[in-house]
Amino acid sequence: MTEKIDLASMTKSELCDYFGSIGEPKFRAEQVFNWISRGASFDEMTNLSKALRGKLSENCIDTLPKVEQKLVSKLDGTIKYLFKLYDGACIESVFMKYNHGNTLCISSQVGCRMGCKFCASTIGGRVRDLLPSELLGQVIAAEKDSGERISNIVMMGIGEPLDNYDNVIKFLKLVNAEGGLNIGYRHISLSTCGVVPGILKLAEEEFPLTLSISLHAANDEKRSEIMPVNNKWKIAELLSACVAYYKKTGRRISFEYTLISGKNDSEADAAELGKLLKAAFRGTGAPIHVNLIRVNEVAETGFKKGSEASIKLFAEKLSEFGIVATLRRRLGSDVNAACGQLRRSSLQNKPSN
Ligand code: SAH
């Protein structure tokens, strides 16, 4: 069998070429691009002839993620989706309501190979990268299912976006395109565990994204212990890539810091973090923002969250260094919203993917 065509991963100009190659007028590209962004099946593309719809169904693959399971929080309306992909693999996306608009947290890979010790997504390793159409499809499928418009995207779900660089870049172009979802880059955050060459490359693209760095420790010894990626790119190298990113894009960088009881959450840890970030950005004028996260307790990892009082002390210590720290609001705490936990429980019932 020849390989099927992934239309939903194509830009409008690639669609133009495709329709040209099968003897169709170029305006089909605009029509199909728009149908795809609304999650239509080939059969539902009613302004195409029946014959063309038949041809597309036969030759093209439908990569739109399908809702396999859906958990709706009774506390705040957060929706956790377990999506099934065309090959049976599953990923998660989380729909959250904020004052500034509806936000979808999307996955970038099936599984992850980064090996962070506290994270549920990496336990079974990486199965495969998501296609551009599957990155985009999470947003489309969530809009279709919820009936709500999504205005913000955070790439903080399963996987490491900079380990799937080319597909992520293609996705960014698709999601931003007119006639499609048209979501502005300023409304998109990309979170990385610290893949330095990817950060430097991203700085060269013209995307005013918000970059989030999963830092989680203020010295190499502690960071390498919980994040193996730190053996490859040390903190100093990571922070200088962040400074380069800031200088190039002018975009604020946000640091994620997951507080793990007895590991990285003491006042001394906070002071070390404050000193580290202040020194790294000295003279750049960059505002430094730290997002504190209570560790989500994953059964396999044994890490525990600290007390409310210890978190408050940590934030206060950081403010002594002029660093704004916010404690992430916990949404969907009743729907297993922590990264990778729903996929993980579905895998435990069915260990094939
Ligand atoms: N690979 C990317 C994006 C996915 S993880 C990254 O590392 O940034 C998204 C965020 O969730 C990261 O900051 C990650 O460190 C954090 N995270 C993963 N497992 C967690 C857990 N059990 N508790 C709290 N935060 C967690």
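Author: Let us begin with burial: a residue is called buried under 20% relative accessible area, exposed over 50%, and partly exposed in between, with a 1.4 Å probe and protein chains only. N230, at 0% relative accessibility, therefore counts as buried. As for the basis of such values, this is a predicted model, in which local features need pLDDT of at least 70, side-chain atom pairs count only at pLDDT 80 or more, and totals for chains, interfaces and linings use all residues. Residues are numbered from 1 along each chain as its sequence is written, and side-chain values use heavy atoms, with hydrogens and water left out.

Reader: In which helix is the place of N230, and with which side chain does the side chain of N230 make a polar contact?

Author: Helices (H or I, at least four residues) and strands (E, at least two) are DSSP runs, numbered from the N terminus. N230 belongs to helix α8, residues 229–232. A polar contact is a pair of N or O atoms within 3.5 Å; within protein, one must be able to donate a hydrogen and the other to accept it, and residues adjacent in sequence count only if both atoms are side-chain atoms. The side chain of N230 has such a contact, of 3.1 Å, with the side chain of D220.

Reader: Does N34 count as buried, partly exposed or exposed?

Author: N34 counts as partly exposed, because its relative accessibility is 26%. This residue sits in helix α2, residues 27–37. Its side chain forms a polar contact of 2.7 Å with the side chain of R38, and the N34 side chain also reaches the backbone oxygen of G179 at 3.1 Å.

Reader: How many bridges join strand β4 to β7, and how many link β7 with strand β8?

Author: Two strands pair if DSSP finds at least two bridges between them. Strand β4 (residues 101–105) runs parallel to β7, and 3 bridges join them; here C105 has V154 as its bridge partner. Strand β8 (residues 188–192) also pairs with β7 in the parallel sense, over 3 bridges, and in this pairing M155 stands opposite L190. From β7 the chain passes through helix α5 (residues 165–176) to β8 in a right-handed β-α-β crossover. Right-handed means that, with the strands pointing away from the viewer, the path from the first strand over the helix to the second runs clockwise.

Reader: How many residues surround the ligand, and which are the closest?

Author: A residue is near a molecule or strand if one of its heavy atoms lies within 4 Å of it. The ligand is surrounded by 16 residues, the closest being F118, S191, S214, H216 and N296. Strands β8 and β10 (253–259) each supply at least two residues of this shell.

Reader: Which distances separate the ligand from polar side-chain atoms of S214 and H216?

Author: For S214, a polar side-chain atom lies 2.6 Å from an oxygen atom of the ligand. For H216, the distance from a polar side-chain atom to a ligand oxygen atom is 2.5 Å.
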